[in-house]
Amino acid sequence: MFIQRTDKSRLAKWWFSLDKAIFVETLFLIGIGVFMIFAASPYSAIRGRLNSYYYINKYLGYVGIGIAILVISSFLSIKYIKRLSVIGFFVLFLCLLATFFFEPIKGSRRWLKFGISIQPSEILKPIFAIVIALILVRIKEFQTLDDKKRMRNNIFLLIGIMALVGGVLFFQPDIGMLTTFCMIFFTEVFVAGLAWKWIFGLVGLGVSVLFMAYFTLPHFYNRINQFLDKSGNKDHYQIEKALQTIKEAGLFGSHTNNLKKMIPDVHTDFIFSAMVEEMGSLLSIILLIIFFMMLIRIFNILKEKKNPFVIFAGTGIATYFTFQLFVNICSNLALIPTKGMTLPFISYGGSSFISSCLGIGLLLALLQEYNGRGDKNEK
C-alpha cells in the first residue's frame with residue numbers, strides 16, 4: 001500500500017506540475033508530422049524504388065519510440081538528468097568517433113549503420129546542452145567564491161568539450177550540425193554572463209572555423225558557391241521547385257499541381273514546401289505561429305526560474321529548436337543554402353525525431369516547479 005501511494009504521489013506531482021500547453025502542442029506537431037509523411041514520403045520512396053509505404057512504416061515506429069522517450073524523460077529529476085547526461089555524453093561522443101569507421105554517405109561520415117542508420121550527433125544535441133550547462137554552473141560558483149584558478153580550469157574544460165565535438169563534426173564533415181552546436185554553446189555562454197573577453201574570443205573562433213571550412217572542405221565550398229551563382233545543380237533545382245510549390249499553393253493549398261513529387265528530398269529538407277502545398281500558406285503560417293508560441297512560452301518560463309542549471313540547459317535546448325526551425329524554413333525560401341537540417345517533428349528522420357522528443361521531454365522535466373526552483377536539495 002505504501003509503494004502504491006508513493007507511485008500515485010509521484011505520478012500526480014508529475015501531472016500537475018507538467019506544462020500541459022507545451023506537451024499538447026508537441027503532440028499536435030507530431031500529428032502534423034505524421035500527416036505530412038503520409039502526404040510527401042510516397043514520392044521519395046517510389047523514386048528510390050521502394051515500397052510506397054516504406055518511409056511511412058518506419059516513421060510510425062519512430063513516433064512510438066519518440067513519444068515513449070518524451071514521456072519517460074519528462075519524469076526525470078534534475079539529479080538524474082545530470083547523471084544520465086554525463087554518461088550519455090561520453091557514450092554518444094564515442095559513437096560520434098565511430099562514424100569514421102563506416103562508409104560515407106553523400107561524402108559525409110555522419111551515420112552508424114546496424115541495419116538501421118543512426119546519427120549520433122542528432123541525439124547528442126540536448127545532452128550537449130545539459131553538459132555545457134553543468135560546467136557553466138561550476139564556473140559561476142567558482143567566480144562567486146573568487147576561486148580564479150578553478151574557474152579558469154572549468155572554462156578550459158568548457159572550450160575543450162566544444163573543440164572535441166566541433167572537431168569531429170568538422171571532419172565528418174557536417175557544417176550544418178557544427179553550426180547548431182555552436183549556437184547552443186554561444187547562447188548558453190551568453191546567458192551565463194561570462195566575461196566579454198571570453199565571449200568575443202569564442203565568437204571569433206567560431207567565425208574562423210567557418211572560414212576555414214569554406215577554404216578547406218570542397219563540399220562546403222561548392223555548396224556556398226552553387227547557392228550564390230544559382231547554377232543548375234541538384235540543390236538549386238530543389239530550391240526552385242520548392243519555391244514554385246509554395247508560390248502556386250496559394251492561401252489554401254493546391255491539390256492539382258502536385259509539384260512536391262518533383263522534389264527529391266521533399267520528405268526531409270523540403271517538407272515545409274510540401275506542407276504549404278497540402279495545407280496552404282494560411283494554415284502553414286498558423287502552424288509556424290503555434291511552434292513559435294511554444295518556444296516563446298519556454299523562454300518566458302525560463303526567465304522566471306531561479307535555478308541557474310535549469311536556465312542554462314533549457315535555453316540551450318530551446319535555442320537549437322529555434323535555430324532548426326529558422327534554417328529549414330529559410331532553406332525552403334531560398335534565403336540560405338540548404339543545410340540538410342530537418343523541421344522538428346515534421347520532417348522524416350529517425351535520429352532527428354527521437355532527438356526532438358528527448359529535447360522536449362528534458363525541457364518538460366526542467367520546467368516543472370519541483371525541478372525548476374533553486375533549492376540545493378532539488379539540484
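Asp19 is buried, with a relative accessible area of 11%; buried means under 20% relative accessible area, exposed over 50%, and partly exposed in between (1.4 Å probe, protein chains only). The structure is a predicted model, in which local features need pLDDT of at least 70 and side-chain atom pairs count only at pLDDT 80 or more, while totals for chains, interfaces and linings use all residues. Residues are numbered from 1 along each chain as its sequence is written, and side-chain values use heavy atoms, with hydrogens and water left out.

The protein has 14 helices and two strands. Helices (H or I, at least four residues) and strands (E, at least two) are DSSP runs, numbered from the N terminus. Of the 379 residues, 52% count as buried. The accessible surface comes to about 17900 Å², and 68% of this belongs to carbon and sulfur atoms; the areas come from the Shrake-Rupley method with a 1.4 Å probe, and for residues only the protein chains shown count as cover. Among contacts (heavy atoms within 4.5 Å) with a separation of 6 or more, 74% are between residues 24 or more positions apart.

Asp19 is found in the loop between α1 (2–17) and α2 (20–47). Leaving aside neighbours within four places in sequence, Asp19 is in contact with Arg297, Ile301 and Leu364. The Asp19 side chain also reaches the backbone nitrogen of Ala21 at 3.3 Å.

A search of the whole structure finds three salt bridges, each defined as a side-chain nitrogen of Lys or Arg within 4 Å of a carboxyl oxygen of Asp or Glu. Side chains of opposite charge can pair when their charged atoms come close. Arg297 counts as partly exposed, at 37% relative accessibility, whereas Asp19 is buried.

Another salt bridge joins the side chains of Arg110 and Asp174 (3.6 Å, N to O). This pair links distant parts of the chain, 64 residues apart: Arg110 is in the loop between α4 (78–98) and β1 (112–114), and Asp174 is in the loop between α6 (148–171) and α7 (175–192). Both Arg110 and Asp174 are buried.

Lys125 forms a salt bridge with Glu122, with the closest N and O atoms 2.7 Å apart. Both residues lie in helix α5 (residues 120–144), three residues apart, about one turn of the helix. Lys125 is buried, with a relative accessible area of 2%, and Glu122 counts as buried at 6% relative accessibility.

Terms used
A polar contact is a pair of N or O atoms within 3.5 Å; within protein, one must be able to donate a hydrogen and the other to accept it, and residues adjacent in sequence count only if both atoms are side-chain atoms.
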